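Welcome, and thanks for taking a look at this one with us. Below is a short tour, arranged by topic, to read alongside the structure.

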Amino acid sequence: MDNKSIKKLYNLINIESKKLKNKINLMEVCGTHTMAISRFGIRSQLPPKVNLISGPGCPVCVTPVSEIDKILEISEKENVIITTFGDMMRVPGTFSSLEEKKAKGKDIRVVYSPIDALEIAKKNPDKKVVFLGVGFETTAPSVALTLKQAKKQKIKNFFILSFFKIIIPPMIALCMDKKLKLNGFICPGHVSAITGAKIYKILTRKYKIPCVVIGFEETDILTGIYMLLKQINNNKPEVEIQYKRVVTYQGNLIAQKILKEVFKKIDSIWRGIGEIKKSGLALSKKYSQFDAEKIFSFDISYSKEKKGCRCGDVLKGIIKPVQCPLYKKKCTPEKPVGACMVSSEGTCAAYYKYGEK
Ligand code: SF4
């Protein structure tokens, strides 16, 4: 898309923003959106009445320290291989990280898909191979498919530590947060491709918050913001899809069916937000033989967040990274204190990489 089209979109947003009665807060709940908004410098080019806030959209960031400590404890056990996506390696637990454990000789391997982890299990029948399941509805289906395969092939030494989360419960919690005063959601493109835009209906019907599912190009994001402003000005909250080339209202029904078969909803802890009812995914009874939580025992009573880290407030949109006293001082991508600075999709990392504006 050429600069002329982008300019035109900023003009439309400007015109629409003049009709706003008050300053509004729009929240994105997807790490890829956080990065794209920072990369295109959108935040600083919007009219002053339109404030963009980042929410709990980065799966690595919302995984609490207690869950990180669990995988670190498993890595200490005999005859265990930990497999994980690379972005979890540097996330700090209470005392250490997977990267540090690996440097001390623990068998921790970065994989590109859960199928790679299953292959490692097949090649190492005398070891217990654990895959660290972190992510939202986007990542969970590939793990579900891998488990179906493991079951079919009667693999006995493959396990999942499931920290998967689902996106709608924290969005509801944020709608009810009086401090935030949210006026609209920039809904995640990837998650919605699986769940469909239908999941946001509760936000528009019950909480009267406009929702638009938006893509990741600059024009997608600007068009989506314009659509949100129009909804706010017309006082007609509804679920709209800007990202129609990928997302439908119903979503991917096959993936939804597989998720239902392999997982069950459980209460789950979100970093900075606390426990949210039915916001996590654990393995269903049918697949419980692969559940690492049932195979290994933990004592994580010592778990605690890093002193001074404000990741929780960043994830709730209460503060921007620059308001954390450790930002750019004690906390940098080279020496991260909190998960929001480690993850490639973290809000603090986005601010650090692309600038505060
Ligand atoms: S700047 Fe670092 S310490 Fe502060 S909230 Fe972000 S990750 Fe946590």
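A residue is called buried here when its relative accessible area is under 20%. Cys187, at 0% relative accessibility, therefore counts as buried. Please keep in mind throughout that this is a predicted model.

**Cysteines**

- The structure holds one disulfide, and the residues it joins are Cys58 and Cys61, with 2.5 Å from S to S.
- The link between Cys58 and Cys61 is right-handed, with 75° about the S-S bond.
- Both ends of this link are out of the way of solvent by the cut-off of under 20%: Cys58 is buried because its relative accessible area is 3%, and Cys61 counts as buried at 1% relative accessibility.
- Cys187, by contrast, takes part in no disulfide; its nearest cysteine sulfur belongs to Cys211 and is 4.0 Å away.

- Strands β7, β12 and β11 form an open sheet in the order β7-β12-β11, and the pairing is antiparallel.
- At the edges are β7 (164-165) and β11 (263-270), each of which pairs on one side only.
- Between β11 and β12 (residues 274-283), which run antiparallel, there are seven bridges.
- For a landmark within this pairing, look for Ser268, which stands opposite Ile276 in β12.
- Helix α8 (residues 140-152) packs on the sheet and touches β7, β11 and β12; the direction of α8 makes about 135° with that of β11.
- Helix α13 (residues 253-262) lies across β11 and β12, and runs at about 80° to β11.

**Aromatic pairs**

- The count of aromatic pairs comes to seven, and two of them are described here.
- In the pair of Phe95 and Tyr302, the ring centres are 5.6 Å apart and the planes meet at 25°, so the pair is stacked; the cut-off for stacking is under 30 degrees.
- This pair links distant parts of the chain, 207 residues apart: Phe95 is in the loop between β3 (80-84) and α6 (98-103), while Tyr302 is in the loop between α14 (292-295) and α15 (311-315).
- Phe95 is exposed, given its relative accessible area of 66%, whereas Tyr302 is partly exposed at 29%.
- Phe136 and Trp270 also form a stacked aromatic pair, with 6.0 Å from centre to centre and 25° between the planes.
- Here too the partners come from distant parts of the chain, 134 residues apart: Phe136 is in the loop between β5 (128-133) and α8, and Trp270 is in strand β11.
- Are Phe136 and Trp270 buried or exposed? Both of these residues are buried.

**Lysines over rings**

- Lys70 has its charged end over the ring of Phe298, at 5.5 Å from the ring centre.
- Lys328 lies over the face of Tyr352, and the ring centre is 5.8 Å away.

**A buried lysine**

- Lys101 has its place in helix α6, and at 15% relative accessibility this lysine counts as buried.
- Leaving aside neighbours within four places in sequence, the contacts of Lys101 are Leu72, Ser75, Glu76, Ser96, Lys106 and Ile108.

- Pro333 is found in the loop between α15 and α16 (339-342), and is partly exposed, with a relative accessible area of 23%.
- Not counting residues up to four places away in sequence, Pro333 touches Arg90, Met341 and Tyr352.
- From C-alpha to C-alpha, Pro333 and Ala349 are 6.7 Å apart in space, and 16 residues apart in sequence.
- Which residues of helix α17 (residues 347-354) are buried? They are Thr347, Cys348, Ala349, Ala350 and Tyr351.
- For Cys348, the relative accessibility is 9%.
- The cover over the buried residues of α17 includes α2 (31-39), α3 (42-45), β2 (50-54), α15 and α16.
- After α17 comes Gly355, which has a positive phi near 95°.

Definitions and conventions:
Residues are numbered from 1 along each chain as its sequence is written. This is a predicted model: local features need pLDDT of at least 70, side-chain atom pairs count only at pLDDT 80 or more; totals for chains, interfaces and linings use all residues. Side-chain values use heavy atoms; hydrogens and water are left out. Two strands pair if DSSP finds at least two bridges between them. Helices (H or I, at least four residues) and strands (E, at least two) are DSSP runs, numbered from the N terminus. Contact means heavy atoms within 4.5 Å. Axes are lines fitted to C-alpha atoms, for helices over the stretch in contact, and angles run from 0 to 180 degrees between N-to-C directions. Rings of Phe, Tyr and Trp (its six-membered ring) pair if their centres lie within 6.5 Å; planes under 30 degrees apart count as stacked, over 60 as edge-to-face and the rest as tilted. Buried means under 20% relative accessible area, exposed over 50%, partly exposed in between (1.4 Å probe, protein chains only). A charge sits over a ring if NZ of Lys or CZ of Arg is within 6 Å of the ring centre and within 35 degrees of the ring normal. A disulfide is a pair of cysteine sulfur atoms within 2.5 Å.
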